[in-house]
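Subject: Handover of a structure

Dear colleague,

I am passing on the structure that follows, together with an account of what was found in it. Please read the notes below with the model open beside you.

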Amino acid sequence: MRMQFPFAPAVPALILAAMTLSLPTHGEETHRELGAHVHGHGTLNMAVEEKRVSMELEVPGMDIVGFEHAASTEEQKAAVEKAKAQLAKPLALFALPPQAGCAVAEASVAVEAEQHDDDHDAGDKEDAKAEHDHEEAAGHNQFHATYALDCTRPAELTAITFDYFKLFAGAHELTVNVVTAKGQSKYEVSRDKPMLDLDGIM
Ligand SMILES: [Zn+2]
């Protein structure tokens, strides 16, 4: 299959959907609605096609800046701008083997609104409406970054070190989905275990 993989958001979504269908679901995740985020837990989708590595990172604002409402104070706005600048440097977040020869071709970071599972608790109609309004006002923003890397020797992409956890104190776990010519793999990395071994799948 020819995977053209520019930054059309539909393409990573399609790959993720394919993974969701083809991989066994962890029990702890079955109660989650697709699209809802969990604080402390982000997702990194990664696709390797020849020399192009495409990545997509989705992380709750809580993990990155410690709040998810729209930035209102100067301090909050500065925190968001600083985080965007940090997230725009994927090789400082996800350290790759130098011998793979990867360089950043494109990086894009945005803040997007996201819904929570518990935004729709059943209850008295008035209370439910009030709660919903409150939630909308409070917000659940998340950071969404997309990257394109060009690697001179992609076969050397045998490991990733997640310096990401050092930069963002609220980040605890990342689910990592990797698509290569050899197939699809799903991993969990964490603050306690920030290394991913990709030997054998490139
Ligand atoms: Zn949230």
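Please keep in mind throughout that the model is a predicted one.

On its other pairing, E1 meets E2 in the antiparallel sense, over 7 bridges. Within that pairing Leu 44 has Leu 57 of E2 as its bridge partner, and Asn 45 stands opposite Glu 56, also in E2. E1 and E2 form a hairpin with 2 residues between them, and in the turn Glu 50 has a positive phi of about 50°.

These strands belong to an open sheet of 6 strands, which follow one another in the order E4-E5-E2-E1-E7-E8 with mixed pairing. Strand E4 (102-112) and strand E8 (183-190) are the edge strands, each of them pairing on one side only. From one strand to the next, the twist averages 15°. For the protein chain as a whole, the secondary structure comes to 6 helices and 9 strands.

Turning to the interior, 26% of the 202 residues of the protein chain count as buried. The largest nonpolar core has 32 residues, and those with the most contacts inside it are Met 46, Val 53, Phe 162, Tyr 164 and Val 176. Among the elements that give two or more residues to this core are strands E1 (41-49), E2 (52-60), E5 (142-151) and E7 (173-180), along with helices H3 (74-87) and H6 (164-167). In general, nonpolar side chains tend to be buried together in soluble globular proteins. Phe 162 touches Phe 94, Leu 174, Val 189 and Pro 194, if residues up to four places away in sequence are not counted. Across the protein chain, residues 24 or more positions apart account for 72% of the contacts with a separation of 6 or more.

How confident is the prediction, and where does the pLDDT fall below 50? The mean pLDDT of the protein chain is 82, and 71% of its residues reach 70 or more. Over residues 1-11, however, the pLDDT is below 50, and this stretch has 10 contacts in the model beyond near neighbours in sequence. The pLDDT also stays under 50 over residues 128-137, for which the model has 5 contacts beyond four places in sequence.

With best regards

Definitions and conventions:
Residues are numbered from 1 along each chain as its sequence is written. This is a predicted model: local features need pLDDT of at least 70, side-chain atom pairs count only at pLDDT 80 or more; totals for chains, interfaces and linings use all residues. Helices (H or I, at least four residues) and strands (E, at least two) are DSSP runs, numbered from the N terminus. A residue is buried if 20 or more other C-beta atoms lie within 10 Å of its own, exposed if 12 or fewer, and partly exposed in between; C-beta atoms are placed from the backbone. Two residues are in contact if their C-beta atoms, placed from the backbone, lie within 7 Å. A nonpolar core is a set of buried Ala, Val, Leu, Ile, Met, Phe, Trp, Tyr and Cys residues joined through C-beta atoms within 7 Å. pLDDT is the predictor's confidence in each residue, from 0 to 100. Two strands pair if DSSP finds at least two bridges between them. Axes are lines fitted to C-alpha atoms, for helices over the stretch in contact, and angles run from 0 to 180 degrees between N-to-C directions.
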